[in-house]
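Please read them with the structure open.

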Amino acid sequence: MDSTITGEHDGVTDRLHEECGVFGIYDFDGGNVASSVYYGLLALQHRGQESCGIAVGDTDGPRKVVTHKGMGLVNEVFTPEILEGMRGDIGIGHTRYSTAGASTCENAQPLALNYIKGTLAVAHNGNLTNAPQLRRELEYSGAIFQTTIDSEVIAYHIARARVHCASVEEAVSRAMNKLQGAYSLVVMSPRKLIGARDPYGFRPLCIGKRDHTYILASETCALHTIGAEFVRDVEPGEIVSISPKNGIESDRSHCLPKEKEARCIFEYIYFARPDSHIDGVSVYNSRIRAGRYLAMDSPVEADLVVGVPESGNAAALGYSLQSGIPYGTAFVKNSYIGRTFIKPKQSSRESSVNVKLSVLKEAVNKKRIIMIDDSIVRGTTSDRIVRMLRDAGALEVHMRVSSPPFLYPCYFGTDVPARDQLIACNRSVEEIRRIIGADTLAYLRLERLDGMAEGLPCCHGCFTGEYPVPAPTEDIRGDFDH
């Protein structure tokens, strides 16, 4: 993903982006897996819409990897003819988000390479905080890079370690000794499917099973899409190796004490699909709880509670359930309009708001509205949404946000921008309220985050500036994001 600051942003709510989704599958019966990877990526499309790719191998055939990647959505990049030509019983896939500067086909994943031990394909979700240093070390030792993403740094380290150790999972373990930051990996070797998660567990990864087929995926929703059962989450710091000979093997030597783990809280607030479970916690229920907390802590008299689609809807329902104020639909979203963050100018982006989102005048006319959204980042579109409600006849608009104010950047795979572009930086809630034009404004209280995630240790660095690992000493946002 890309946290480079361009001022361009998604859609109607000035959304954040998470960089990618990963998927891996191994059919022990030898069936072709490309179509299953395709459907798994469709389920993970929300995690990245800039580019995607699939790599497959045949464990009983020649040791080569067939890869197809392209810019665009999964159903734009892959056709039935392309999938039919990708024959193999083991495969991995990737969906990616980036800003325009790093949005190139060369940076699409998975990355596949040939080396002395055979073939290797890697797909990565996260950001390495020491990517520039690792890249320079490799370049000085003769490495030539084809991309500007830190995933290639990971692939190089795994390949180099593999030359000196007995197995690919040991090579992944040695590479993990050098990696810092956030990463969930799926790695395909000629005979094994490997999954690995950084010791803090910033990004999710889970295991599924369908008959004699095993799956690794960023979210459980991808398992359901292909008819697989959830087995368990890959633990923070764990390496899992999947093969017909040994089934699922586990290496937990990189695991930290539970209290030091630091999942990204925004998986529960916004990134993950609501029908997913992340580390045993229902994303949908987390958002319901956030809405309930907002109603408890920031009540207001009103006639209707509405959510800004899509991630605001569950929190709005939670607010309604707690407050007793009716829940309703105020917005109609046109899902077929192009993503507005690709517009080159702020004026173009703002005009796209009305194209992508419209208001049901009959639902809001002459009513006091509580509008729930998951976040306010730059604040460039919240004022327009408030104005749309007023133009449709809303008497009052009270905005509630199901996350605390963003005050600090993120270095672990979320594009929270530099502080000077965060509307909450150096502004009070009252000042923000005036800027966006709401009658009242309230955020989720910081101390409510633990309850939202059912007590799981989470990273709150974008709200507090306190990170579980030291922030990088040089800018990693840009060429070393993906």
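1. Contact here means heavy atoms within 4.5 Å. The model is predicted. By that cut-off, Y284, R287, I288, G291, R292, L294, A295 and M296 of helix α9 meet A314, A315, L317, G318, Y319, L321, Q322 and S323 of helix α10. Sorted by class, this contact has 10 nonpolar, four polar and two charged residues.

2. The geometry of that pair is as follows. Helix α9 covers residues 283-297 and helix α10 residues 312-323; their axes come within 6 Å and cross at roughly 50 degrees. The two helices are therefore oblique to each other. The crossing of α9 past α10 is right-handed.

3. The sheet is open and has six strands, ordered β5-β6-β7-β8-β12-β13, with antiparallel pairing. From one strand to the next, the twist averages 20 degrees.

4. Within the sheet, β7 (residues 184-188) and β8 (residues 193-197) run antiparallel and are joined by five bridges. M188 stands opposite L193 in β8.

5. Which strands does helix α5 touch? Helix α5 (residues 150-162) packs on the sheet against β5, β6 (118-125) and β7. The direction of α5 makes about 140 degrees with that of β6.

6. Helix α6 (residues 168-176) also packs on the sheet, touching β6, β7, β8, β12 (239-243) and β13. The direction of α6 makes about 20 degrees with that of β8.

Note on methods:
Residues are numbered from 1 along each chain as its sequence is written. This is a predicted model: local features need pLDDT of at least 70, side-chain atom pairs count only at pLDDT 80 or more; totals for chains, interfaces and linings use all residues. Side-chain values use heavy atoms; hydrogens and water are left out. Axes are lines fitted to C-alpha atoms, for helices over the stretch in contact, and angles run from 0 to 180 degrees between N-to-C directions. Helices (H or I, at least four residues) and strands (E, at least two) are DSSP runs, numbered from the N terminus. Angles under 35 degrees count as roughly parallel, over 145 as roughly antiparallel, 65 to 115 as roughly perpendicular and the rest as oblique. A crossing is left-handed if the near helix is turned anticlockwise from the far one by less than a right angle, and right-handed if clockwise. Ala, Val, Leu, Ile, Met, Phe, Trp, Tyr, Cys and Pro count as nonpolar, Asp, Glu, Lys and Arg as charged, and the others, Gly among them, as polar. Two strands pair if DSSP finds at least two bridges between them.
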